[in-house]
Amino acid sequence: MSRRWPEHTTVLVVEDDLTTARIIQARLEMEGLKVFVALNGVEALEILNREAIDLITTDLMMPSMNGFRLVQEVRDLPAPKGRTPILLISSNQNEQDMVRCLAAGADDYMTKPISVQVLMERLWRLFERSRRAG
C-alpha cells in the first residue's frame, strides 16, 4: 500500500551495514521521503543535531554507539528532537532485549530480515501517531 507522505518528510536510517542501509534508503526515497544515512549512533546524533528529522530507524548492534544507547541519547534531547519516533531494527530476537529497547524509549521494534512493506506500514503508523500527538 502506498502512502501519501507530506512533502519534506525526513527519515534518519542508522545501520552499520551499508548495503542494508542503501536498500532501506532506496525504498524510502521511492516513497518521496528525504533520507539521511548514519553508520552508527554517533553519526546519527550529529545528523539529528543539524537536521530536522521526522522518523528514525536504527539497528541495534552497531560499533561506536549501539541502537539501545542511541535511543537513550535521543530521549534525553529536548523536544521536539527528543520525541522523534524511533523504530529499532535488529536480527536479535531476544525478548528481553526487545523489552529493554522499548522501555528505553524506542517506539517499535522489528526483527530482520525486514519486510519492506511491514517497515513502511510501521513507519507510517509512527509518523501518524507523532503527527496527531503534535
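User: Which side-chain oxygen reaches the backbone nitrogen of Phe 68 at the start of H3?
Analyst: One from Asn 66. That oxygen comes to within 3.1 Å of the Phe 68 nitrogen. Keep in mind that this is a predicted model.

User: OK. Which residues of H3 are buried?
Analyst: Gly 67, Phe 68, Leu 70, Val 71 and Val 74. Looking down the axis of H3, these buried residues fall within an arc of 160°, so they line one face of the helix.

User: And what covers them?
Analyst: The cover includes strands S1, S3 and S4. Helix H2 and helix H4, residues 95-104, are also part of it.

User: H2 came up there. Which of its residues are buried?
Analyst: H2 runs over residues 41-50, and its buried residues are Gly 41, Ala 44, Leu 45, Ile 47 and Leu 48. Down the axis of H2, they fall within an arc of 165°, so they too line one face of their helix.

User: What sits on the face turned away from that buried side?
Analyst: Asn 49 and Arg 50, both exposed.

User: What covers the buried residues of H2?
Analyst: Strands S1 (10-14), S2 (34-38) and S3 (55-59) are included. Helix H3, residues 67-75, is included as well. H2 in turn is listed in the cover of H3.

User: Which residue caps the N-terminal end of H2?
Analyst: Asn 40 does. One of its side-chain oxygens lies 2.9 Å from the backbone nitrogen of Val 42.

User: Switching topic. Where is Thr 10, and is it buried or exposed?
Analyst: Thr 10 is in strand S1. It counts as buried because its relative accessibility is 5%, and the cut-off for buried is under 20%.

User: What does Thr 10 touch, beyond its neighbours in sequence?
Analyst: Leaving out residues within four places, Thr 10 is in contact with Lys 34, Phe 36, Ala 52, Ile 53, Asp 54 and Leu 55.

User: What about Thr 9: buried or exposed?
Analyst: Buried, with a relative accessible area of 2%. Thr 9 lies in the segment before S1. Setting aside residues up to four places away, it touches Leu 33, Lys 34, Asp 54 and Phe 127.

User: Where is Phe 127?
Analyst: In helix H5. Phe 127 is buried too, with a relative accessible area of 8%.

User: And which residues does Phe 127 touch?
Analyst: Trp 5, Pro 6, Thr 9, Asp 54 and Leu 55, again not counting residues up to four places away. Trp 5 is 122 residues from Phe 127 along the chain, and their C-alpha atoms are separated by 9.2 Å.

User: Now backbone geometry. What is the phi of His 8?
Analyst: Near 70°, which is a positive value in a residue other than glycine. His 8 is in the segment before S1. It counts as exposed because its relative accessibility is 62%, and exposed means over 50%.

User: What about phi at Ser 64?
Analyst: Positive, about 70°, though Ser 64 is not a glycine. It is found in the loop between S3 and H3. With 69% relative accessibility, Ser 64 counts as exposed.

User: Where is the peptide bond cis?
Analyst: Pro 80 lies in the loop between H3 and strand S4, residues 86-90. Another is the bond from Lys 112 to Pro 113, with omega near 0°. Pro 113 is in the loop between strand S5 (108-111) and helix H5 (116-133).

User: Last topic, pockets. How much space lies in the largest pocket?
Analyst: About 420 Å³.

User: And how many residues line it?
Analyst: The lining has 17 residues. Nearest the centre are Pro 80, Arg 83, Thr 84, Pro 85 and Ser 130.

Key
Residues are numbered from 1 along each chain as its sequence is written. This is a predicted model: local features need pLDDT of at least 70, side-chain atom pairs count only at pLDDT 80 or more; totals for chains, interfaces and linings use all residues. Side-chain values use heavy atoms; hydrogens and water are left out. Buried means under 20% relative accessible area, exposed over 50%, partly exposed in between (1.4 Å probe, protein chains only). Helices (H or I, at least four residues) and strands (E, at least two) are DSSP runs, numbered from the N terminus. The arc is that of the directions from the helix axis to the C-beta atoms. Contact means heavy atoms within 4.5 Å. A polar contact is a pair of N or O atoms within 3.5 Å; within protein, one must be able to donate a hydrogen and the other to accept it, and residues adjacent in sequence count only if both atoms are side-chain atoms. On a 1 Å grid over the protein atoms alone, a cavity is a set of points where a 1.4 Å probe fits but cannot get out, and a pocket is an open set with protein on both sides within 12 Å along at least five of seven lines; lining residues have an atom within 4 Å of a point. Grid points are joined across faces, edges and corners, and a volume is the space filled by probe spheres set on the points.
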